[in-house]
Amino acid sequence: MFDGCDGARKVLVVEDNEANLKLLKKILEHGGFDVLEARNGVEGVVIAGEGMPDLILMDVQMPEMDGITAMKTIKSNIPALKDTPVIAITAYAMKGDRERLISEGFSDYISKPVRVDEILRKVNAHLNTN
Ligand code: MN
């Protein structure tokens, strides 16, 4: 059965900041990815289930449902996404944050302001090991 895959990997960006969402979408599309977008954690869970992304970029601080809860909800409620890499994006970059976010279940961590090379390097790295 043809599954509709044209080779482009699908990345879901969950981010409540419109400017940052647009920037991430542009970076990823430039990198050859198909991009799905969501503007809060609740929407992120719904769109993850509908779109079955290969990887998720998840802002940590969001209204409705924060990124940690959204990531855990996706992994526990959508069996097919249990092992899908989810990279946290956060505005605060304190020592220990990376370890804390990874212990919560994130695959990696990117701090704002986001950088093109870092985004593409980390997204590609996590897709290639999955
Ligand atoms: Mn936010």
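In the predicted model, helix H2 (residues 41–51) and helix H3 (residues 67–77) approach each other to within 9 Å between their axes and cross at roughly 25°. Axes are lines fitted to C-alpha atoms, for helices over the stretch in contact, and angles run from 0 to 180 degrees between N-to-C directions. H2 and H3 are therefore roughly parallel to each other (angles under 35 degrees count as roughly parallel, over 145 as roughly antiparallel, 65 to 115 as roughly perpendicular and the rest as oblique). Helices (H or I, at least four residues) and strands (E, at least two) are DSSP runs, numbered from the N terminus. The crossing of H2 and H3 is right-handed, the near helix being turned clockwise from the far one by less than a right angle. Gly41, Gly44, Val45 and Ala48 of H2 meet Ala70, Thr73 and Ile74 of H3, contact being defined as heavy atoms within 4.5 Å. This contact of H2 with H3 comprises four nonpolar, three polar and no charged residues; Ala, Val, Leu, Ile, Met, Phe, Trp, Tyr, Cys and Pro count as nonpolar, Asp, Glu, Lys and Arg as charged, and the others, Gly among them, as polar.

H3 also packs with helix H4 (residues 97–104), the axes coming within 10 Å and crossing at roughly 30°. H3 is thus roughly parallel to H4. The residues in contact are Ile68, Met71 and Lys72 of H3 and Arg100, Leu101 and Glu104 of H4. By class, three are nonpolar, none polar and three charged.

Aspartate 108 lies in strand E5 (residues 108–111). Its relative accessibility is 7%, so aspartate 108 counts as buried (under 20% relative accessible area; exposed is over 50%, partly exposed in between; 1.4 Å probe, protein chains only). The side chain of aspartate 108 forms polar contacts with the side chains of arginine 98, at 3.4 Å, and histidine 126, at 2.8 Å. A polar contact is a pair of N or O atoms within 3.5 Å; within protein, one must be able to donate a hydrogen and the other to accept it, and residues adjacent in sequence count only if both atoms are side-chain atoms. Beyond four places in sequence, the contacts of aspartate 108 include Val86, Ile87, Ala88, Ile102 and Lys122.

Histidine 126 belongs to helix H5 (residues 116–128) and, at 14% relative accessibility, is likewise classed as buried. Excluding residues up to four places away in sequence, histidine 126 touches Leu55, Pro85, Ile87, Ser107 and Asp108.

Residues are numbered from 1 along each chain as its sequence is written, and side-chain values use heavy atoms, with hydrogens and water left out. As the model is predicted, local features need pLDDT of at least 70 and side-chain atom pairs count only at pLDDT 80 or more, while totals for chains, interfaces and linings use all residues.
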